[in-house]
Amino acid sequence: MPDTNSRNSSKAGTGWLLKMAIRDGKASSKKLALFMASIVLGIAAVVSIQSFSNNLKENIALQSKSLMGADYIIDSDQEPNEKVLSIMDSLGGPDAREISFASMAAFPGKEVTKLVRVRGIEGNFPFYGEIETEPAAAARDYQQKGAALLDATVMLQLGIVPGDEIKIGKVTLPVAGALKSVPGSSSLFSSIAPPVIIPHSFIEKTGLVQVGSRIGYNYYFTAEPGLDLEKFDQKLDPVLDANKADLDTHKSTSERLGRRYENFGKFLNLVAFIALLLGCIGIASAIHIYIKEKLRSIAVLKCLGATKKQSFLIYLIQIAMIGLIGGIAGTLLGLGLQQLFPLLLEDILPVDVQISFDFRVIFLGILLGILMSVLFALYPLMGTLYVSPLHTLRAQDNESRRTGLSGFLVLAGIFLFIFLFAFWLLEDWKYSIFFVLGIIISFSLLAGVANLFMKAIKKYFPNSWGFIPRQSLLNLFRPQNQTLILVLAIGIGTFLISTLYFTKDLLLAQASLDEQAKSPNMILLDVQTDQQLAVAETIKEQELPVLENIPIVSMRVESLKGRPVSEIREDSTSQVNGWILQHEFRTTYRDSLISSEVLEEGEWTASNPGTGPVPISVSNNFAEDAQVKVGDEVSFNVQGVLLNTVVQSIRAVDWSRMQLNFSIVFPTGVLEEAPQFRVLTTKVPNEKTSALLQQSLVQSFPNLTIIDLRQVLTLIEKILNKISWLINFMAFFSILTGIIVLIGAVRTSKYQRIRESVLLRTLGAKSEQILKILALEYLYLGILGALSGILLSLISSQLLGYFVFETSFVPSWVPFLVLLPGIILLVMGIGLGNSLGVIMSPPLVVLRKQMS
Amino acid sequence: MAKILSVQNLKKSYHSGSKELTVLEDISFDIQERETFAIVGPSGSGKTTLLGLCAGLDQPDSGSIELCGTLINGLNEDQRAILRNKKVGFVFQDFQLIPTLTALENVSVPLELRGDKNAVKEAKVLLEKVGLGDRIHHYPSQLSGGEQQRVALARAFSNRPEILFADEPTGNLDEETGKKVVELLIELNEESGTTLVIVTHDMELARKTQRILRLKGGKVMETLNV
């Protein structure tokens, strides 16, 4: 009778499995430490970004009141009408009010002028947060003293000290102090128009509030305790909208701001996640080799009575423990790294970020560490299931026993996890699928290139080459070679960095000024019609050209296709975009298209034929948002006068060009007599001429606003540099992870290299020859990985240029001249650095070491 | 005495490309409890395959194997593993110690697998018995070949097996060390009253057993009483 006892399960429990995992792991700690390092950086990158984003979001929410300075604001770009005033009265009246506009400021005694944002404030604004000044008392008494607070950077740049004077329009005021921060002014854009705060009572006296000026009216309120701002906003905003005013609560504003930064954070997180993925691929490859080395031990364990499940679990626990330790180490590193971000991003952050530790992020980091390492190690780990105990008696081939299904399931699990992670970040399943597809395509392309290269070498093996280059090529095919994983690691890292470089190029190219052409670099706004000749004369006196003299007429949409705006606004089914109904359009009239415009539909009309509605041309985005086609009627309210028009043509406008573009263009012969102002443009050759022209213009025409586009460009470049620095920082994690994967891969195949070099040396090869063989091997790997990464980035940048930025992409040579050789040298350095000990030792020493 | 191993009409073949290679054919024999038994034959005669089948490391194509009262043909891999843990011991030509475990850990694994709470204590006693009391915390790579095989012997006897299979136990050792290991093996075997099955091509070692089965070309040539 068979002994049924033998059917009982093994008695060793979880405790023993854990003990075995630790025992075995202790002896393999060096190898396992490298696997762990592969994920530490990826986790650190994800955790640092995630934690910083959370901190930023929380800080914005916490500081929302001091960001706005009040509980809510009612604002408008025109003087509020009766209805808005009565609403404000019913709310108890504003606690403070402000009129703001951009203007040129002069500094008597100094030969400079500067574009500034004038904020005329009345009342005890801000009610939350504070106006920070130097001296601090200036913020408290500038109102009584009738003085101005001037942006601290401008004071420093122009050498202005408290007590000096500032001239705005017709008013000259003493500067009470340097303005360091004020609610409602973002430091990001203040370098174009730095803020100047003056008492509200002086605004009128400046003489700058006139027709055509772009004036902002802000009314600040503090709310009754317990007021539900969300409901309040929902109730009041539509009414205010209809009266060309707007309500912003501190909550909605901070949420909007938070979302903007959150999106950027999410993008960075995906970049960081790619570093983590790269590390995980490194783990998968290393575990594959690791398990191969463990096959005999597993067979022995099975011989001694361990079940399939037990031997599988021992190694699974081991990997999960590595993931746990890696997750903890990565999380700690990430939490440390995020302390750097506020320093790096100082100028582009809206609030002072106080770093705190978020337990959700710590949990995320550790969980990611365990999940990712287990998931990616699962397929190679499954090899333990197929090890026969017979392996103790003779070598067996276990690979063939695996089923394709298990591999497919593991792969599906991995992609599902990547998708879920992306979905968690992006909250959009379409983008998440694109992200997964992008990953699959990039990785497959790189893997394809590596495979193709290997096949090509096999097929066209250069038999005529000398021994050293031939041997180094052969090394790429050695059993358990790491060619594929190395090409992937090097390729993805290079791909990320060079794509980011090209993208920055694309963005800058789009914003840059065309130096060759006669494109203007100085724009003069708010030129009154009666000033245009004198202004043009002043420009010409400096021997500068007047490139354009563009008339601007402000108007609002009154009706679309015969339906009044008020009716469309109330129609909840209307597809018309809200901004069309509210916006004060600045339109122009001319007889021809300009270089940034292409006619898409209809016919261009140069001058008004004089009968019927006026034929106008609209931009394609206006047509889409207003739901109008060629032939549709649109009527405008031109400062109280109704004007009926018909859409005669639709234009595609390149808004990214640094020039004045318009949604609505009238033919000549209609608006010439309407109230209007002018925009003049010129091109100044250098900063000195620019300063001189600005001075003489401001002296004679204090109402002008002058924008030096070169300054704008410098700012854009500064912002892009900051952002790209951060993106590069994240991509750097990928490169670092790539390096660790590289070191891991080199170490994993170390024994094979030892065996080979010992054999070669026994046969009489010199150290120098062995060194050359290895150097060439890493050179091939470096070239293959880095070149495929850069080529892949060329394709992706081309696609980005075509689909996202809608501009043609001309690659720069920098990635080829700097990145390519840099990465190749790095690969060679790491490869040789890790093999040097082997090469330099005498064969016997190496053999002994190998034995042990 | 009762039969501990009964092999009837055993056949085993492997596929080599499109060809079928018969390694063992029509093998039948019985081994009694406490008996010592040697399987001898030239290289390629099927000795190791036979040992693997008898110990339940592999499945025969046909025929039956009853080991310690259990018909092992019908058991799956895990059931056979548990049977091995309870009733079978092994000694291999190349020792097959787990390189990442110390001598003590290697010996205690079979006991731990059974859930024996005194595993470490018992393993220490065994290691002292084979003369390695002072090297219990050494890893296999820190031991000589003879020492490794002594650890393997301690491990083989640690779970007090009813039957012990030894595959060329002296094959990787020099003559002198080999002799010492054989002496130790026989001593431990007598002490524990375990059935011993040795696969060897060393006739001197085979003659130390009670019965010899001679294989050639996968078939039993003769069975000799020593």
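How many residues does the contact take from chain B and from chain A? I start here, with a predicted model on the screen. I find 34 residues from chain B and 31 residues from chain A.

**Entry: the chain B side**

I list the elements of chain B that give two or more residues to the side touching chain A. They are helix H1 (47-54), strand S5 (70-71), helix H2 (77-87) and helix H3 (103-113). Which of these gives the most? I note H2(B), with nine residues. Next I sort this side of chain B by class. I get 15 nonpolar, 10 polar and nine charged residues.

**Entry: the sheet in chain B**

I now look up a sheet in chain B. It is open and has six strands. I write down the order as S6-S7-S8-S3-S9-S10, and the pairing is mixed. Which strands stand at the edges? I mark strand S6 (88-91) and strand S10 (219-225) of chain B. Each has a single partner strand, so one side of each is left without a neighbour in the sheet. I also look up the twist, which averages 15 degrees from one strand to the next.

**Entry: one strand pair**

I pick S7 (residues 163-167) and S8 (residues 195-200) of chain B. In what sense do they pair, parallel or antiparallel? I read parallel, over five bridges. I check one position: Ile163(B) stands opposite Thr195(B) in S8(B). A reminder to myself: strands of a sheet pair through backbone hydrogen bonds.

**Entry: a helix across the sheet**

Last, I turn to helix H5 (residues 145-158) of chain B. I see that H5(B) lies across S6 and S7 of chain B. H5(B) runs at about 170 degrees to S6(B).

Notes: Residues are numbered from 1 along each chain as its sequence is written. Chains are lettered from A and ligands numbered from 1 in the order in which they are written. This is a predicted model: local features need pLDDT of at least 70, side-chain atom pairs count only at pLDDT 80 or more; totals for chains, interfaces and linings use all residues. Two residues are in contact if their C-beta atoms, placed from the backbone, lie within 7 Å. Helices (H or I, at least four residues) and strands (E, at least two) are DSSP runs, numbered from the N terminus. Ala, Val, Leu, Ile, Met, Phe, Trp, Tyr, Cys and Pro count as nonpolar, Asp, Glu, Lys and Arg as charged, and the others, Gly among them, as polar. Two strands pair if DSSP finds at least two bridges between them. Axes are lines fitted to C-alpha atoms, for helices over the stretch in contact, and angles run from 0 to 180 degrees between N-to-C directions.
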